[in-house]
Structure formats: C-alpha cells, structure tokens
Amino acid sequence: MISLNSASFLNNSGFSGISRSVSQRKVLHPVAVAVGSNGRAGEGNVSVVMESTLKDLRDGNSVIEVDSKSAVSGGVQDTYGEDSATEEQLVTPWTLSVASGYSLLRNPHHNKGLAFTDKERDNHYLRGLLPPTVVSQALQVKKMMHNIRQYAVPLQKYIAMMELQEQNEKLFYRLLMDHVEELLPVVYTPTVGEACQKYGSIFRRPQGLFISLNEKGKILEVLKNWPEKNIQVIVVTDGERILGLGDLGCQGMGIPVGKLSLYTALGGVRPSACLPITIDVGTNNQKLLDDEFYIGLRQKRATGQEYAELMHEFMSAVKQMYGEKVLIQFEDFANHNAFDLLARYGTTHLVFNDDIQGTASVVLAGLISALNLVGGTLAEHTFLFLGAGEAGTGIAELIALEMSKQTQAPLEEARKKIWLVDSKGLIVNSRMDSLQHFKKPWAHEHEPIKNLLDAVQAIKPTVLIGSSGVGRTFTKEVVEAMASFNEKPIILALSNPTSQSECTAEEAYTWSEGRAIFASGSPFDPVEYNGKAFVPGQANNAYIFPGFGLGLIISGAIRVHDDMLLAACKKNIAKRGKNGSSDRQAEALAKQVTQENFDKGMIYPPFSNIRKISSQIAANVAAKAYELGLATRLPQPEDLVEHAENCMYSPVYRSFR
C-alpha cells in the first residue's frame, strides 16, 4: 500500500545485530528473489530496480547467482483434490476427519449454509440443523449484498464481510468477486485503515498468526500451530507504517488479512495456501499503549539487534516449515527496515515488497497509459515526486529503468529527468553528505529549494507524483502552477488512506480547469466539471500483486527479476492493443481500457474484469521467469494464460459425497 511518512529515512541501522557473514556467503540458495540484477546478457549497463541501492548492503553480491548444487524444493500440493476436480465431480469435505453435522456448519472451508442439498443434509447429519429451504449460491450472494448495503458506516460493512469470511469462505469470495468494485474499498483501502486503528475493539477470532518477542526462540513451533501446512504466500507486517496512519503495532494485522483476501479474490490463489502474519515487537504509539483494548505487546518498539534476531529467526523458520519457494511479501514496514529486509533476504528467500515494487509497477503502468492522452515518450517528460521514501524511490527507479531501456541511455542519465522532494526540500547535490543512500541517486545539480511550490515552478515537471503520506499537500497554488505550463498535467496523489491523499479528485480537476490527468491511491467518486464527467483512476496495487504472485507460483519462480515487474505492467495495463497484433496479452487488456475510458481521463481499466487482467499478468510474469531461466515448474505450459486461468481458485460450491 502506498504512503510514507513525510520525514526522511531514519538511520539505516536496524539490522546491525546480524553478522555480515550471513549475507556475504558466495554460495546462495536458489530460492532467492532478486530485487534486481544486472547479470542478464545483452543489457549493457542497464541496472535494475533497487539493485544499485541494495548491492552495497550485499557487498557486491548479485541475487541472480544460483549455486548449481543447491536443491530446489517446496511447492504446494492440492491436498484435498478440490482444485483439480471439476465442478461436477464429488469431493469429500475432509478436515482431520470427515466433517459432518454441527462441525461442518462451523467449518468455513466447507460450509454452504442453506445451499446444502437434501442428499447432503442426510449424508452429513445436517437434518434439523438447518431450515428446510434449499437455496442457490447466487441467491445467497444477492441476500448478503442486500444486507451489507443496509449499513451506512464502512467499518460496519468491513466487520460484516470479515464475519462472512469466518463462516462461509466460498460465499465470501464469490461475493467479493461478483461485486469487486463496490466491495474492494471495504475489504481494502480506505476502510482497512480504520479497521486497523480499531482492530483491538473489533477483534473476534484469529485470522492469521501473531508472532511477538514472547515467541523468540520458538517461532517454528508457532508456525506449526497454523492448521494449514501447504502455504504458498505469506504477507507479513510489523505494523510500524500502516498506510499513512503510522505505527499501529499489532493492530496492523488488518493489512495482511486484506492483502491475502485479494490474492484469492483477484489472483486466484487458494485461501488455504495464504497465511497472514504480524510481527509484534511493540509500538511507539503512546495512544495505543494507553488503550485498554489494545491487543499487542505493551512496550516501546524493539530495535537493533533484538529486532534483527527476531526477524532472522522468523525468516529461517518460514523456509524450514514451508520450503524454499514460499513467497514472502513484506508489507508496511517503515523505511529504515523495508530496504534492509529486501537487501538481506533477497539472496536467501523468495521475497517481494509491495510498497516498493508493486507500487512502482502499477504507477509505471498508469504513466505509460497516460501517454495515450498527453503524447510523447517517458523520456520526453519530467517527473517531480513529493516523498522520497520506499514508494517514491521505488517508483522513480522503475521509471528510470524503463526510460533507459527505451532510449538505450545509461540509467544515470535517465535519472536526471526525475526529481524528488523530501521533508527538507528538493534533493540536490549540496545535500549529498546528509542523504540516506536510498536518496543519493536522485541528488542532481540545482540550487536548494525548500518547498514544493517553488520546486514545481523551478523544475516545471509534466508529471507530479505524491507518495508523502501527508494529506492536502498538493495545494491550489501547486496544481494551478502545474496547469500553467502543461496542457494536460499528470497528477498522481498516491498516499493512502483517503484522508492522507495529497489532493482530492475534485480539487485536481477544478484547479486545473478540467485538464488534469488524475489518479489516486484511494478511490474517489466521479467528478463533474463544466458539464463533463471525469472518472478518476485508482493507482491500486491490487492491479499488480495478485497476478504477479500467481505468476511466481505457477512458474515455480525462484527469484524476482525487474524484467518481471516491467512485464507485469508494461504489457498489460499500460499497453493499448493494435489491430492485427499477435500480442494476446496486450489485446486482452486493451479491451478493458476503451476509448470511452480514455475520454473520461481514466488511465487504468475498470476492476470489473480484474481476474482476466490478473491471469494476463500472471502469464507475462511466468513467461519472463521461463525466459530468464528462473522457473522450476517444467516443462513450460504451452498456453500460459490458459494455464493461469486453470490454476485459479473457484469459489463455486462443490457437491459433497
């Protein structure tokens, strides 16, 4: 999720407690996921996202190196045969034993409520436990949507959805898939932000694992307590930077739960293969520490060696428990830990940071799409960022990489078209000695500038991107300045939740006199200006990470190469199809972003067909993994799109024996 604190990066010292020798080993495990690599032949001096900033922490080691003697293992089997069975075939509702009667109604994986047939009620001892009526899943969906729409408060809708997930898993995902545009803001941003703030009050049942400092030395045993053993995707947070809301400690669990719901609903990853985890090392939020309903450790955050040792034990236990190809997605870690985690564990684990890599992919996709409206190439535009944290620098690096690939110019030259503003002003060469190393590539020759408006007037960017986590920082003066020297200024207010957005859609359209190309991190309603309707786009990571993760899983990828990130965005969301084109992926997505959508200023396709989009992204990512020699599920399927679609979880009820 997008949003950072306005402050500069904190001291990069959180991992000093782990010996350097761990990350310096030349013999690397083959499951390492690259945050970047320059080891690919034929790419000249073109680097990859974050590799230049992370290689110093890795002492020059590239995450692309694979020890040929290392074993590649792991992977998840369809234990119950449910996914390999057709919808007509009978399956047995196994748990530890056959689930029947009252226990079957309390098992969310198999419960169908009133949809159990008369035969199933007889065979599984359900007679008398249900009213006599038998209804279809479609009618259940209709009833649930009717009930949810009765709630006026979004948090009430969120609670109702979570209760449904705990009672009837398939109905929950059927509901979310059929009404994704209406329910996505409920289970994801912006409502999930409020849910995290009040998680202690609304907590009912565990939806994931809580691993605290109390479990140090026995994390492997804690992982064994989770009932599902075949895990493919873990989303983990330590709660220190939840959206733009700051440190929410243990209550950040709402983020992994929400993300993994989307992995299933949008990307088709089986819910039983998903595991939300919160690492609780305390919180520096005094309001939470004083709250009698707070559910986490009541202490200040652990840092330094204590933090590093806990994370190292966790990462080691995950690999030991679930194998080397389990995907670990870091979510909403503070800046000072986010890059360190990628640097340290990118060479030993399959890791992905959605705030850095996912955000970059979805924003780049929107920018390339916006070129259809404003013209020119990426290299012909000038970019100004407000926010130089993990999201801002990650986006900037992927843009520079794509420009470098398009123009064949050195990456350092492409970076000169991109400027960043942090809490101290424009990042320039004269500040080099005081900059965190993440920011140093963006320090250009220019006189110091203290505020955003002066930077806009001096740099005259064509694209303004906000990832600051500070609301209402794109003021009327800033937007009017952008509109004064751009016919169609591109303005992306990416910070979440809605309250932290740099400006609203209405402000962007009104202050630019209806000329802005606008997208935001959280959804905004359509805006009418001078009789014309504008539909603001949402630069939502949900366009990318579910399909991206599915692509890694179906290919058995052992690393994440930056070319996979480019494949996920450039060939799909961004590219418009051409008549007669043989690019199946581009054609499929082009049908989603119609000319009517472009006329309304939309630079992203509607979410109504997101599963189709995710299957295309998964196919692109998998194809790139096979091309780079990073895939382990062999032989390569002949039709990766069809293969991705066939691998997707279906929430349709199955008939029980």
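This is a predicted model: local features need pLDDT of at least 70, side-chain atom pairs count only at pLDDT 80 or more; totals for chains, interfaces and linings use all residues.
Residues are numbered from 1 along each chain as its sequence is written, and side-chain values use heavy atoms, with hydrogens and water left out.

Q: What makes a set of grid points a cavity, and how many cavities of 30 Å³ or more are there?
A: On a 1 Å grid over the protein atoms alone, a cavity is a set of points where a 1.4 Å probe fits but cannot get out, and by this rule the count comes to six cavities of 30 Å³ or more. The largest cavity has a volume of about 130 Å³, where volume is the space filled by probe spheres set on the points, which are joined across faces, edges and corners.

Q: Why are the buried residues of α19 said to line one face of the helix?
A: Leu452, Ala455, Val456 and Ile459 of α19 are buried, a term that means under 20% relative accessible area with a 1.4 Å probe and protein chains only. Seen down the axis of α19, these residues fall within an arc of 100°, taken from the directions from the helix axis to the C-beta atoms, so they line one face.

Q: What makes Asn451 a cap of α19?
A: A side-chain oxygen of Asn451 lies 3.3 Å from the backbone nitrogen of Leu453, at the N-terminal end of α19, and a polar contact is a pair of N or O atoms within 3.5 Å, one able to donate a hydrogen and the other to accept it.

Q: Which elements do the buried residues of α20 pack against?
A: They pack against α19, β9, β10 and α21, where contact means heavy atoms within 4.5 Å.

Notes: On a 1 Å grid over the protein atoms alone, a cavity is a set of points where a 1.4 Å probe fits but cannot get out, and a pocket is an open set with protein on both sides within 12 Å along at least five of seven lines; lining residues have an atom within 4 Å of a point. Helices (H or I, at least four residues) and strands (E, at least two) are DSSP runs, numbered from the N terminus. Buried means under 20% relative accessible area, exposed over 50%, partly exposed in between (1.4 Å probe, protein chains only).
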